[in-house]
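Hello,

I am handing over the structure below, with notes on what was found in it. Please read the notes alongside the coordinates.

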Amino acid sequence: MADRPALVILTGAGISAESGLPTFRGAGGLWEGHRVEEVATPGAFARDPELVLRFYDARRRALSTVEPNPAHHALARLEAVWDGPFLLVTQNVDDLHERAGSKRLLHVHGELLRARCTICGWADRWTGDLLGVACPSCGRRPALRPDVVWFEEVPIGLERIEAALARCTLFAAIGTSGQVWPAAGFVDRARRAGAHTVELNLEPTDASDRFHEHRFGPASRVVAAWVEELTARR
């Protein structure tokens with residue numbers, strides 16, 4: 001693009017929902033009678049590692065049954081033609097962006113298809129179950145955990161994100177409620193940098209009034225249309 005604008009995109013659970021990815025929240029926000037927060041904290045893993053690993057093993061297996069949707073593919077196409085600074089920040093731990101072709105990508109909450117050892121620090125890609133498995137490096141168990149950011153833990157790559165937001169001229173938030181911090185504050189940081197801000201969501205959120213522009217509807221439709229508009233300006 002002629003003036004090489006800097007683009008930062010934030011995606012949340014809404015972009016993967018249309019792929020059929022289970023939320024693992026039943027009635028009342030429960031999973032097998034437990035609040036999801038109770039199986040996604042360091043304290044929960046210390047108290048009952050089997051329960052936590054069963055939860056994440058189920059999520060990992062479910063991931064293998066879904067595919068990227070048109071919104072994921074549209075963002076990958078946008079990245080391929082965007083000749084200015086570009087960063088796709090996702091709150092999702094799934095790999096649907098990668099499977100669609102995204103490369104300039106940061107998983108702020110970690111990745112479901114990675115594991116790490118809580119004892120020796122070993123970490124690598126992991127596609128199978130973790131329950132009952134010893135660490136490939138130190139042999140200890142239960143030691144392996146998903147390489148994801150749990151509640152009470154620090155998100156990944158905040159310095160890189162801050163640097164990208166400080167220079168961005170266009171910021172878009174897709175499929176996110178704007179309630180989970182620090183990601184909820186990204187739009188404010190982008191606005192302070194002078195960026196135009198766009199919300200693409202199924203419906204208005206409590207954060208909608210913090211954006212300059214809004215596109216409401218299914219991600220597969222509104223994201224694809226927005227990307228077509230951007231690429232048509234090249």
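Cysteines

The sulfur of cysteine 138 lies 3.7 Å from the closest cysteine sulfur, that of cysteine 117, which is too far for a bond. A disulfide is counted when a pair of cysteine sulfur atoms is within 2.5 Å, and the structure holds zero disulfides. Cysteine 138 is partly exposed at 30% relative accessible area, while cysteine 168 is buried at 1%. Buried means under 20%, exposed over 50%, and partly exposed in between (1.4 Å probe, protein chains only).

This is a predicted model: local features need pLDDT of at least 70, side-chain atom pairs count only at pLDDT 80 or more, and totals for chains, interfaces and linings use all residues. Residues are numbered from 1 along each chain as its sequence is written, and side-chain values use heavy atoms, with hydrogens and water left out.

Sheet

Three strands form an open sheet in the order β7-β6-β8, with antiparallel pairing. Its edge strands, β7 (123–125) and β8 (144–148), each pair on one side only. Strands are DSSP runs of E, at least two residues, and helices are runs of H or I, at least four, numbered from the N terminus; two strands pair if DSSP finds at least two bridges between them. Five bridges join β6 (residues 110–117) to β8, and glutamate 111 stands opposite aspartate 147 in β8.

Glutamine 91

Glutamine 91 sits in the loop between β4 (86–90) and α5 (96–100). With 11% relative accessibility, glutamine 91 counts as buried.

Regards
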